[in-house]
Amino acid sequence: MNNVKTDHCLLSDIDFDDRTFPFSYGFLPARLESSIAAVGLLQQPLLLVSDNGFKIVCGRRRLEVISKTADGSGKISVCLAENSSFQELFRRALWENLAIREFNPVETADIYTAAAKLFSIDEIEKEIMPALKLPLKPRFRMRCQVIAGFSRKLRDLLAAGSVDVETVDLIKGWSDKERTALTDLVEETGLRRNKLREVVSRLDDLACRDEVSPLEPLFAARKAVLNEAGGIDVELLRSHLKARLYPQLTAAHLEFAALQEKFSWPADLRLEPPPDFEGGEYRLSFTFTGSDEWRKICDKLASVALEDVDELCRRP
Amino acid sequence: MTILKQPPDYSRSLFRPTKVLVEEEAAGYPLTESIIGRLPDAEVVTIKRPSSEELADLSRQFGPRTTLYLARHRGRFLKACPGTAESYRCCLYQILHLALGCNIGCSYCVLQGYLNNPFITQFVNLDDAFAELDRELGRPGIFYRIGTGEFTDSLFMDPLTELAPGLIDYFGRCKSAVLELKTKSVAISGLLDYSGEIGETIVSWSLNAPRICAKEEGHAATIEERLTAAALCRQRGYRIGLHFDPLLDFPGWEDEYRQTVASIFTHLKGDDIIWISIGAFRFMPQVKEILKSNHPQTNITAGEFIRGIDGKQRYFSAIRRRLYRFLVAEIKRYAPDVFIYFCMEDQYLWQDTFGFAPADNQELSHWLDKCCYRYYD
């Protein structure tokens with residue numbers, strides 16, 4: 001692209017709020033900050049002149065790093081785009097970014113959403129979506145639109161990797177209020193990724209099953225697991241939600257434990273039911289260090305009443 | 001007997017496409033010509049066989065809900081039912097693969113997660129299908145139970161394709177196999193009007209609770225309509241199969257399933273029914289998201305589902321047991337001798353419900369074969 005000239009501009013003349021070219025969102029990499037602190041800006045950002053100052057086409061992260069330390073009155077060297085269409089500039093920024101890094105889910109969603117307004121369906125499907133590694137199925141487009149509409153807090157969590165895209169799919173039908181309650185929970189507990197997804201999935205299933213808002217099981221769970229200091233124990237929260245969603249399975253596990261106690265099952269012979277009591281294969285395990293311990297284990301096994309075994313292995 | 005206010009139109013296809021996509025290879029086949037002839041107002045577009053990407057393009061260009069796709073099938077027509085892992089008992093059913101997809105729109109349909117082709121597709125090279133059947137069914141000592149309703153509904157567009165009479169005629173003459181046409185529709189005019197040898201063709205209806213039928217089964221006929229159609233087919237000489245699949249756990253399920261069982265026996269006698277299958281709701285985990293996305297109003301995946309040994313989500317065994325015991329007891333009240341079997345269930349629940357269990361898939365298959373008169377011929 002030749003329609004670019006080198007120039008200087010004031011940081012204060014750059015419109016950081018403009019997101020016509022939304023190629024970066026989220027935390028600034030420490031390595032970039034170190035590099036700029038050590039040797040300054042090695043590659044000039046690409047800007048576009050507009051009525052409200054300069055739009056950032058490419059190089060937002062570099063400019064944000066500089067703006068953290070500079071006072072805004074200093075001049076910086078930039079490239080200015082001239083006589084170029086938005087589509088040309090968008091493409092350039094897209095491929096320049098892709099050459100050096102992966103986009104996070106918020107960036108992907110923002111880029112897709114912005115591109116959808118600039119390009120034809122054919123261009124979106126043949127160039128933009130493959131470049132963003134987005135499958136062509138409608139649910140991936142919908143996911144992008146949902147993320148673009150998230151609150152700042154939630155977008156920050158997603159960009160930072162605390163929330164994954166599977167969780168986004170689960171909460172895509174949630175209201176702003178419900179999502180806010182979730183981000184509050186994340187902030188309060190530090191729940192992230194897999195455990196967060198499990199909690200959200202259970203809240204969503206409970207809400208769906210009982211035909212209520214996810215807030216209902218969330219608030220009930222919070223109330224049930226608050227500790228004396230007013231904090232939430234994450235493991236208790238997970239157990240509470242599991243028990244509420246799987247009442248019969250939970251009861252079966254409790255009954256199994258109660259039976260072992262009733263039959264005075266030896267503590268060093270670990271007896272486990274099949275996962276979720278499905279399939280019928282029980283597992284017995286024990287440890288030993290030599291023939292003496294082996295003999296003791298065998299004696300204990302021989303002393304177990306067969307009726308007790310039958311009762312323990314009776315499927316719920 | 002419940003009297004229907006207005007009898008349904010048994011000659012109405014549930015699918016009336018406004019467009020027909022014809023693969024170049026499918027042009028000229030008699031079935032292609034006859035289907036197009038029955039759709040005089042439809043736009044007909046001939047296309048080259050598309051790649052999967054081109055298929056996605058076609059899907060955007062032509063709405064799959066209103067477009068019928070006619071193709072020549074290149075693979076095998078007769079396939080073993082995919083069933084599930086060995087830990088659950090399967091009946092070794094065979095599928096005659098003549099069409100793909102269905103527009104009834106059941107929320108729980110597993111095809112949502114399996115099919116890559118978004119169009120309702122009819123394979124038109126029937127001569128190849130019958131040639132393959134001739135080769136396969138001629139093998140000595142093997143008895144086949146064959147259905148067309150696994151990847152589609154056997155009858156939902158039969159008034160448009162008019163496939164059923166040809167199939168009934170073929171299997172009526174074939175002594176080593178029975179054909180089962182499985183449906184949720186009442187498009188049975190082709191079956192009632194057929195005047196040839198029926199043999200032992202089975203017409204089967206999927207049944208469920210009335211509430212599930214109304215809420216989760218899209219354009220399917222009501223339970224009463226299905227059973228009225230079943231009674232008409234029985235009068236005409238067909239054997240009747242019934243399939244409670246998927247059985248769902250929801251508030252008030254006992255009363256609802258009791259109603260359906262009572263309805264069955266106001267329309268049919270136990271002797272009319274060759275078999276009744278029962279299968280509790282199960283699905284591959286990845287289907288859940290697709291199902292919720294396609295049917296946001298449904299809550300059927302939000303129950304107490306555990307991961308089965310085959311990797312599918314299924315109800316915790318205590319729930320399945322309760323559903324099975326209840327339904328089997330209800331059916332047996334009316335028809336103590338009717339053959340009931342489980343689809344994809346484990347031996348423990350067989351034993352617990354019936355007091356016996358098939359040792360393996362072959363034994364279950366044999367039990368079903370024995371339900372067919374011609375198995376003994």
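H9(B) passes H10(B) in a right-handed crossing (the near helix is turned clockwise from the far one by less than a right angle). The model is predicted, so local features need pLDDT of at least 70 and side-chain atom pairs pLDDT 80 or more, while totals for chains, interfaces and linings use all residues. Residues are numbered from 1 along each chain as written, with chains lettered from A and ligands numbered from 1 in written order.

**Exercise 1.** Classify the crossing of H9(B) and H10(B) by angle.

Step 1. Take the helices: residues 223-236 and 253-267 of chain B (DSSP runs of H or I, at least four residues, numbered from the N terminus).

Step 2. Read the geometry. The axes come within 9 Å and cross at roughly 30 degrees (lines fitted to C-alpha atoms over the stretch in contact; angles run from 0 to 180 degrees between N-to-C directions).

Step 3. Classify. The pair is therefore roughly parallel (angles under 35 degrees).

**Exercise 2.** Describe the crossing of H12(B) and H13(B).

Step 1. Their axes come within 10 Å and cross at roughly 35 degrees.

Step 2. The handedness is right-handed.

Step 3. On H12(B), residues including Arg320(B) and Tyr324(B) meet Leu349(B), Asp352(B) and Thr353(B) of H13(B) (contact: C-beta atoms, placed from the backbone, within 7 Å).

**Exercise 3.** Describe chain A's side of the contact with chain B.

Step 1. Chain A gives 19 residues, and chain B gives 19 residues.

Step 2. Helices H10 (193-210) and H13 (247-262) of chain A each give two or more residues to this side.

Methods
Two residues are in contact if their C-beta atoms, placed from the backbone, lie within 7 Å. Angles under 35 degrees count as roughly parallel, over 145 as roughly antiparallel, 65 to 115 as roughly perpendicular and the rest as oblique.
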